Amino acid sequence: MAVTVKTFANASEAAGALSSDRSARYVGGGTLVMRALNEGDVSISTIVRASDQALTRIDASGPRVTLGAGVTFARVLAERDLAFLHAPARSIGGPAVRNMGTVGGNLFAPSPYGDFTVALLALDAIIAVAGGFGARDIPIEEFLQARERQAGTLVLSVSCTRPASAEAFRFRKIARIKPKGGAVITLAAHLPISGGRIAGARIALGSMAPTQIRARAAERTLEGRSLDAATIAAAASAAAEGTSPSDNALGSAWYRREIVGVHLRRLLSGQE
Amino acid sequence: MSKIPLQFRHNGRDVAIFVDGGTNLLVALRELIGDMTPKFGCGQGGCGTCSVLIDGELHLSCLTLAETVAGRSVETLDGMKQGPNLHPLQRAFADHFAAQCGYCTPGMLMAAKALLDRNPAPSRDEVVEAISGNICRCTGYEPIINAILAAAGGRVSA
């Protein structure tokens, strides 16, 4: 079925068109929306696009990093200043998907996808959106909790603070197929160290709930501690607390609960 | 709903077609231009057999909104051979038995070309990574990897 395609030069005009039409979807790289159209999703009757250069801008020079929503994973990988995001960007798709898929689109990718968003959740990213009521910034956790209702808002950019060191930010995607496959689970950990102790730990999990979530119980076991074996063991045993994974072709809910602690332990102890 | 006029470069030749809103590039290439080399596999971005190069970059044509290629250059497997001569990659695929049923071959060749255009002497791991978005259910991948490495070697020594 043919759909109406509306292309705008300006992101705020696109946001207006998106918010005024319930059956409109914004298409970025196409890996979600074109897929839905190919599958015959009749709930989409309008596709909104924007050619606004602001959506593909990368600002990675300072301590605060901002990525336009339309920045592709291939561009993240080409940017030396974004080394801390290379592991999550590389974990996505094959080269073609990385040339197409965008940082903004990944926020909407349903489980088992959305691995980059797991990294952004651990990094406490801020999502800049434009909707019918103008632009605003939303913390990523709040954004994800209300993701079902975000269809009418246009993501403009995501921003986060650069981790203090390579050690302070870790990412791990567990897939059955190498080198590429859908995630069984995905983990990311931001562990800022202050005076030898962890201050402000954030652990994010993918495929452990309907959206990416934080492992708050595990975070609490890390807070104020040094990253020793006892602390890591405590975090690992708390990893599945508060999660609600489901069964899919890649793994059962039971299996996910069983392995999340194992992989959190490996992530925190720096094992391959 | 009215058709949308669309012009782009297809294997070095300018083409102009009319597409329905929401048409993907794969449908435009196969049904409107008659280039049957990119294949329809999954329609979901999972198999890679619809892979084409857009401005030299590997893309999945089934997930590309046709009108986004306006004014750009699209390269498919049909444009790979030079006159009557096979491209070195095609030759290497034949020599190394890298095609069995052949359905993945167009995508594999485009993914391989995208790699070699950028990196003429890739390592084995780089070849594996380059075709990681392309599924083959026949060969077990080894003959394909060997063919790409052989084509790269041939080019280096040439």
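In this report, a helix is a DSSP run of at least four residues, and helices are numbered from the N terminus. The model described here is predicted.

**Chain A: a residue in the opening helix**

Ser12(A) belongs to helix H1 of chain A, which covers residues 11-19. A residue is called buried if 20 or more other C-beta atoms lie within 10 Å of its own, exposed if 12 or fewer, and partly exposed in between. Ser12(A) has 16 C-beta neighbours inside 10 Å and therefore counts as partly exposed. Ser12(A) and Gly134(A) stand 122 residues apart along the chain, yet their C-alpha atoms are separated by 7.9 Å.

**Domains of the two chains**

The domain assignment divides chain A into domain 1 (4-50), domain 2 (53-161) and domain 3 (169-268). For chain B, the assignment gives domain 1 (4-78) and domain 2 (88-157).

| Domain pair | Distance between C-alpha centres |
|---|---|
| Domain 2 of chain A and domain 3 of chain A | 20 Å |
| Domain 1 of chain B and domain 2 of chain B | 21 Å |

In chain B, the contact joins 13 residues of domain 1 with 13 residues of domain 2. On the domain 1 side, strand E3 of chain B (residues 51-54) supplies the largest share, three residues. This side of domain 1 of chain B holds seven nonpolar, five polar and one charged residues.

In chain A, domain 2 contributes 20 residues to its contact with domain 3, and domain 3 contributes 22 residues. H7(A) gives the most, with six residues. By class, the residues on the domain 2 side are 10 nonpolar, six polar and four charged.

**Where the chains meet**

The contact between the chains involves 22 residues of chain A and 27 residues of chain B. On the side of chain A, strand E1 (4-8), helix H2 (33-38) and helix H5 (95-100) each give two or more residues. H5(A) provides the largest share of this side, namely five residues. The residues of chain A that form this side comprise 12 nonpolar, seven polar and three charged.

**Helices of chain B**

Helix H1 of chain B (residues 25-33) has four residues listed as buried: Leu25(B), Leu26(B), Ala28(B) and Leu29(B). These buried residues of H1(B) pack against strand E2 (13-19) of chain B. After H1(B) comes Gly34(B), which has a positive phi near 85°.

Two further helices of chain B cross one another. The axes of helix H2 (residues 88-95) and helix H3 (residues 105-118) of chain B come within 10 Å and cross at roughly 130°. Angles over 145 degrees count as roughly antiparallel and those from 65 to 115 as roughly perpendicular; H2(B) and H3(B) are therefore oblique to each other. The crossing of H2(B) past H3(B) is right-handed. From H2(B), the residues Leu89(B), Gln90(B) and Phe93(B) take part in the contact, and they meet Thr105(B), Leu109(B), Ala112(B) and Lys113(B) of H3(B). By class, the residues of this contact between H2(B) and H3(B) are four nonpolar, two polar and one charged.

Technical notes:
Residues are numbered from 1 along each chain as its sequence is written. Chains are lettered from A and ligands numbered from 1 in the order in which they are written. This is a predicted model: local features need pLDDT of at least 70, side-chain atom pairs count only at pLDDT 80 or more; totals for chains, interfaces and linings use all residues. Domain bounds come from an automatic or database domain assignment. Two residues are in contact if their C-beta atoms, placed from the backbone, lie within 7 Å. Ala, Val, Leu, Ile, Met, Phe, Trp, Tyr, Cys and Pro count as nonpolar, Asp, Glu, Lys and Arg as charged, and the others, Gly among them, as polar. Axes are lines fitted to C-alpha atoms, for helices over the stretch in contact, and angles run from 0 to 180 degrees between N-to-C directions. Angles under 35 degrees count as roughly parallel, over 145 as roughly antiparallel, 65 to 115 as roughly perpendicular and the rest as oblique. A crossing is left-handed if the near helix is turned anticlockwise from the far one by less than a right angle, and right-handed if clockwise.
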